[in-house]
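Good morning, and thank you for coming. I would like to take the group through one model, and I ask that you keep the sequence and the structure in view while I speak.

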Amino acid sequence: MSKNNIKVALIGNPNTGKTSLFNQLTGLNQKVGNYPGVTVDKKQGVSKLSATQNAIITDLPGTYSINPTSVDESIVLKTLLKKDIKESPDVILVVADIENLKRNLLLFSQIKDLEIPTVLAINMVDQMSRKGISIDLSLLKKELNTEVVLISARKNEGINDVKEAIIRCHVAAKASPLCGINHKIDPDYFHKLKEISPNYSLYELWLMVTQNNYPDTITSEEKEKLLAFKQDVSKLKKYQHKETIYRYQEINKILKKTYIVDKSKATDIRSKLDKVFTHKIFGYAIFSFILLVIFQSIFDWASVPMDFIDSTFAQLSDFAKSNLQPGVLTDLLAEGIIPGVGGVIIFIPQIAILFLFIAILEETGYMSRVVFLMDKIMRRFGMNGKSVIPLISGTACAIPAIMATRTISSWKERLITILVTPFTTCSARLPVYAIIIALVIPNKKIFGFLNLQGLVLLSLYALGFATAILAAYILHKTLKIKSKSFFVVEMPNYKLPSIKNVLFDVIEKTKAFVLGAGKIILALSIVLWFLASNGPASFKNSEKNVIENSENQQLSDVVLQQKIASAKLENSYIGIMGKSIEPIIKPLGYDWKIGIALITSFAAREVFVGTLATIYSVEADDENTTTIKQKMASEVNETGGKLFNFPVGMSLLVFYAFAMQCMATLAIVKRETKTWKWPLIQLFGMTGLAYVSSFIIYQILS
Amino acid sequence: MNTIASLHIGEIGYISEESLDFIPLKLLEMGCLPGAEVQLIQIAPLKDPIYICVNGSHLAIRKETALQIKILKANL
Ligand SMILES: Nc1nc2c(ncn2[C@@H]2O[C@H](COP(=O)(O)OP(=O)(O)OP(=O)(O)O)[C@@H](O)[C@H]2O)c(=O)[nH]1
Ligand SMILES: [Mg+2]
């Protein structure tokens, strides 16, 4: 079976709907968005073309030509030049946007010259009448000498035609060049190039010369001959220019006969919206307003479902305790797992709201306007307008954000963006912020409509961005890396967000957050619970010691039980661990229990709340079950005041804002920068900054 | 000599043939060809980058790039 699968690669300009088509063909849910550079890595899926024929579809990043200028684009070149039989595509499915067919056909003409069977799918035909476009399909097929299908990936139209065309194209296996670059430019030169090897098409050889990228199958002799062509760099450059112009001439000839735009029928909201969204003053004002609305909603809309989830888990824990047989397993469930998992679930409403807003921004085409507005500012700080996308999508999670930097062509700008992205407030920090804000900031409205807690949350996001930008500036001034900064961004058309895309995006991301955090928390809460309910000899004696202590003789039974539980916890393994780091964190205002939560947070920040939930559950006397928030609010410090008071709260907020507490991010940074140097700099730099800042904040406030 | 950077918002020009060697390949590939019509759509608040429409592509480019591309202004 697998032997007969057709290997199909999806190639096309950015933002033409390749991933949308991929999702339709494979039934998967890869991320779709209305700005160039959503897909930055290869993704594979299986599609059933007919009753007997399957295809392995590979979705690729978008590119304007085979000549790459950034990491994401070079993935396309590598896929095409690979001569490995197992990996090289049998059929290339070029996806083009009907609205800008001319430019899309440039890439098509390059692909065609590789002499691989090619199907052209012209997407977004649902826009045709609105833009006044008409097309002569049968003539276009003839002129391009290829299978052409009109589709609408969003509306699921024409997908079967694509499947049939792939099969026909695979069976026919005919592939002829479209333009034949050699004649018009320098027949002699290209003739000599072709003579180097009969195993490759002329255009493949030309790409090897211009892109310095060779298939594994190339012999050293052939490579040497190719290298000789690289001598005259200015000639190469000139020929590449000529080649592009020649291709456009050919394309224009074809389109003149087959593609008509009636401008009088075209409706254009783009220019009207752009006047507002990219306006000198309104542009920034609207951007700030959008951010404000997002953070207000995170607090305002989420509080009801969150309270509901919190009390449900408290009851669940209660239910487990009173209905299951008392014993070790019940304790583990009621005191370890349920509160731990509840500590993640509770944040689903807030995180989903955040993801919802990001998805809407991404789907409307607004992101690219922000890139446009911010380029000049970002450049002063050693980054690129495109760095805005990682910084904004980093509010969901730093991992995809760091991947998104692949579209930045300058290595220095890209590296700086990678290094500072973890300062943006990711969704894993949200649980920590939310619970601490709820504890130390009063729930008041100011000016009658601004929620004070929402405002503090907004300032924490602002703090994250500001620190990212400041850190970028320092890196910009200290890093001695030479790389040319270049910036061309396509501004996509505005679109109404597809509800399906937005919902899938929110669901996928939320699921990933909950499952990812859930797994760690489940494991950690089991370990924590074990370490908290066991201990050395002193642990076993603690109950006896408390009871025999003469000071405690007059205490009521309830208070005595609490004292015993605390003494046990302090002498458990976890207590001993926490106590041993207490001297280091005391200056920041934290006790040893918070210390434990800090330690576990180094795996992932969001376990902070779960860890405290588990620790406090073990400590609580068994009678009354309270919610996580109530438990935290009722904790007392040595002087008898509230443990989570204003100075401690602020100190914790700042610590979590700055500290590098995410293993997964470090691993991705290692992968994208190919050395441990940068993740280590992040780990120590950020965590050091966190320690010093929290120290200062706490000492000033207390 | 006029360049794309000297256009006013809404104004149209045509890329001159002599710019060919100065246009970065990437821009060329995106449709910024000699002879093509360019319209300046918007200038960012800090005067850079600029937002143009050329050959049907809507692009944001930096001023430094725009300064390299000579144009003939359309006679209105
Ligand atoms: N109107 C319309 N919009 C579409 C259609 N297909 C895709 N889109 C939208 O076009 C935008 C881009 O879609 P993607 O599938 O992410 O495009 P892509 O080619 O994978 O983009 P990159 O990964 O950035 O190269 C999204 O906003 C889609 O909703 C279509 O047939 N009609
Ligand atoms: Mg994509």
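Predicted model: local features only at pLDDT ≥ 70, side-chain atom pairs only at ≥ 80, totals over all residues.

Are A:Arg379 and A:Asp375 buried or exposed? Both residues are buried, where buried means under 20% relative accessible area, exposed means over 50%, and partly exposed lies in between (1.4 Å probe, protein chains only).

Residues are numbered from 1 along each chain as its sequence is written, chains are lettered from A and ligands numbered from 1 in the order in which they are written, and side-chain values use heavy atoms, with hydrogens and water left out.

Let me begin with chain A as a whole. Chain A has 30 helices and 11 strands; helices (H or I, at least four residues) and strands (E, at least two) are DSSP runs, numbered from the N terminus. The C-alpha trace of chain A spans about 105 × 55 × 55 Å along its principal axes. Of its 702 residues, 57% count as buried. Among contacts in chain A with a separation of 6 or more, 74% come from residues 24 or more positions apart, contact meaning heavy atoms within 4.5 Å.

One such region involves A:Ile360, which is placed in helix 14 (residues 348-364) of chain A. At 32% relative accessibility, A:Ile360 is partly exposed. Leaving aside neighbours within four places in sequence, A:Ile360 is in contact with A:Pro497 and A:Val502. The C-alpha atoms of A:Ile360 and A:Ser498 are separated by 8.8 Å, although these residues are 138 apart along the chain.

I turn now to helix 8 of chain A. Why is this helix described as largely enclosed by the rest of the structure? The reason is that 10 of the 10 residues of helix 8 are buried. A:Trp206 is one of the buried residues of this helix, with a relative accessibility of 1%. After helix 8 comes A:Asn212, whose phi is positive, near 55 degrees.

A:Trp206 also takes part in aromatic pairing. Rings of Phe, Tyr and Trp (its six-membered ring) pair if their centres lie within 6.5 Å; planes under 30 degrees apart count as stacked, over 60 as edge-to-face and the rest as tilted. The count is 16 aromatic pairs over all chains. In one of them, the ring centres of A:Tyr189 and A:Trp206 are 6.3 Å apart and the planes stand at 85 degrees, so the pair is edge-to-face. Because A:Tyr189 lies in helix 7 (residues 187-195) and A:Trp206 in helix 8 (residues 202-211) of chain A, the pair ties together parts 17 residues apart in sequence. A:Phe190 and A:Trp206 likewise form an edge-to-face pair, 5.0 Å centre to centre with 70 degrees between the planes. A:Tyr189 is buried at 11% relative accessible area, as is A:Phe190 at 1%. A:Tyr189, A:Phe190, A:Trp206, A:Phe229 and A:Tyr239 form one aromatic cluster.

Next, the charged pairs. A:Arg406 forms one with A:Asp41, the closest N and O atoms being 3.5 Å apart. A:Arg406 meets A:Glu672 in another, at 2.9 Å, N to O. Salt bridges with shared partners join A:Asp41, A:Arg406, A:Arg414, A:Arg671 and A:Glu672 into one network.

Finally, the interface returns us to the opening residues. A:Arg379 forms a salt bridge with A:Asp375 (3.3 Å, N to O), and these two lie four residues apart in helix 15 (residues 366-380) of chain A, about one helical turn. A:Arg379 also meets B:Asp48 in a salt bridge of 2.7 Å, N to O. Across the interface of chain B and chain A there are four salt bridges. In total, 32 residues of chain B are in contact with 39 residues of chain A. The area buried between the chains is about 3200 Å², with carbon and sulfur atoms giving 60%; buried area is the accessible area (1.4 Å probe) that two parts lose on being put together, summed over both.

Terms used
Salt bridge = Lys/Arg side-chain N within 4 Å of Asp/Glu carboxyl O.
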